[in-house]
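Me: I have a protein model open and would like to go through it slowly. Could you help me with that?

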Amino acid sequence: MLDKHLKIIAGPCSVETPDQVRHIARELSGLDLYAFRAGIWKPRTQPGAFEGAGLEGVKWLKEACAEFGFSPITEVASSAHVEAVLKAGFSKVWIGARSTSNPFSVQELADALQGTATTVLIKNPTNPDVKLWIGGIERLYKAGIKEIIAVHRGFSTYDKQRYRNLPNWQLPIGLRQAFPKLEILCDPSHITGKAENVPMVAQMAVDLKFDGLMVEVHTHPENAWTDSLQQITPSALKNLLVGLKYRSRAELDKEELRGLRAELSVLDEQLIRILFKRMGISEAIGHYKNENHIAIFQTSQWEDSLKKFVNMAGEMDISPEFAKELFTLIHQESIETQSRILSKENDYGSDSTK
Ligand code: PEP
Ligand code: MN
């Protein structure tokens with residue numbers, strides 16, 4: 001069942017060809033979309049990949065939307081992009097995560113949009129800094145933009161096992177506290193990075209009372225020129241929308257707890273992985289110490305590391321007693337591992353006369 005109030009934006013990650021964008025728009029026709037999305041200028045992490053169709057893409061997106069009755073929306077990252085889409089008659093644009101991370105970029109965009117009636121969507125910055133997001137929104141309000149909508153697309157993480165971008169749900173919830181009337185949409189595609197998990201994240205967003213969804217949709221995700229792993233087909237989008245559940249407050253309270261527990265379990269998984277990596281490094285040090293006849297336990301080294309650990313914990317409001325205890329345990333395990341290496345490599349405990 002689709003909640004009438006939910007704003008749904010759907011469309012491909014990128015405009016690739018006139019036919020591609022037209023086919024996707026045709027497959028979505030009949031859906032009550034708030035906007036049809038497609039990136040025309042693509043921010044790529046490294047050079048050499050497809051960087052978007054550029055100016056021609058503006059025309060292709062505009063024509064596909066006009067044919068199927070959609071309002072187009074695309075990412076703008078410079079005043080030249082703003083000029084191009086305004087000239088083509090677009091009434092909506094979005095500011096991408098990388099631009100929100102840079103106040104100069106947001107200011108340039110706010111200046112270019114000033115005095116227009118454009119609806120501006122602003123994604124969260126790539127780094128988990130809610131103040132940058134708030135600052136971006138303030139710059140837009142100051143430029144006189146009346147229609148502003150935030151989009152939560154998750155925050156960069158080096159560990160992409162579970163999520164491509166960590167949801168850190170407390171940050172968009174913090175944004176809502178700063179701007180109680182601001183609408184916030186969720187982009188489950190960029191949060192999960194995996195097509196099969198898009199419905200699950202979309203449901204979490206609905207449970208957390210987000211105002212809508214921005215979903216990447218492609219008729220042939222496997223052949224998409226960008227973000228092929230996370231795009232879903234038009235029929236998968238339709239299934240997702242009819243499958244969304246709108247829960248009661250009591251159910252939601254339980255769900256919220258479940259959401260928080262799910263976040264905890266992601267963090268627990270990261271903790272274990274970090275400990276595993278740490279033990280690996282500790283083992284390598286053990287081999288080195290053994291080969292070079294260096295004592296396993298070095299008091300000054302241990303005291304320095306402990307001090308650093310406890311200080312860092314203090315800066316994050318973690319109790320020094322807890323930090324000390326935890327670090328001592330980790331350190332003890334390292335020493336035991338290194339001792340095992342020592343006794344194995346030197347064959348202690350076995351009969352050396354054999
Ligand atoms: C996109 O929506 O395709 C995109 C590049 O998003 P983000 O800025 O969230 O990475
Ligand atoms: Mn994308």
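Reply: What follows is a talk through this model, one topic at a time.

Reply: This is a predicted model, in which local features need pLDDT of at least 70 and side-chain atom pairs count only at pLDDT 80 or more, while totals for chains, interfaces and linings use all residues. Residues are numbered from 1 along each chain as its sequence is written, chains are lettered from A and ligands numbered from 1 in the order in which they are written, and side-chain values use heavy atoms, with hydrogens and water left out.

Me: How many helices and strands does the protein chain have?

Reply: The protein chain has 13 helices and 10 strands, where helices (H or I, at least four residues) and strands (E, at least two) are DSSP runs numbered from the N terminus. Its C-alpha atoms fill a box of roughly 90 × 45 × 45 Å, taken along the principal axes.

Me: And what percentage of the residues is buried?

Reply: Of the 354 residues in the protein chain, 45% are buried; buried means under 20% relative accessible area, exposed means over 50%, and partly exposed lies in between, using a 1.4 Å probe and protein chains only.

Me: Is C13 buried or exposed?

Reply: C13 is buried, with a relative accessible area of 2%.

Me: What about the phi of D227?

Reply: Phi of D227 is near 45°, which is a positive value in a residue other than glycine. Most residues other than glycine have a negative phi. D317 also has a positive phi, of about 65°, although it is not a glycine, and D317 lies in the loop between helix 12 (299-315) and helix 13 (320-345). At 75% relative accessibility, D317 counts as exposed.

Me: Switching to strand 5: how many of its residues are buried?

Reply: In strand 5 (residues 119-123), 5 of the 5 residues are buried, so the strand is largely enclosed by the rest of the structure. T119, L121 and K123 point one way, whereas V120 and I122 point the other way. In a regular strand the side chains alternate between the two faces of the sheet.

Me: Which strands does strand 5 pair with?

Reply: Strand 5 pairs with strand 4 (residues 92-95) in the parallel sense over 4 bridges, and 4 bridges also join strand 5 to strand 6 (residues 148-152), again running parallel; two strands pair if DSSP finds at least two bridges between them.

Me: What do strand 5, helix 6 and strand 6 make together?

Reply: Strand 5, helix 6 (residues 130-142) and strand 6 make a right-handed β-α-β unit. A crossover is right-handed if, with the strands pointing away from the viewer, the path from the first strand over the helix to the second runs clockwise.

Me: Last topic, helix 11. Is L260 buried or exposed?

Reply: L260 lies in helix 11 (residues 249-291), and at 54% relative accessibility L260 counts as exposed. The C-alpha atoms of L260 and Q170, which are 90 residues apart along the chain, are separated by 9.3 Å.
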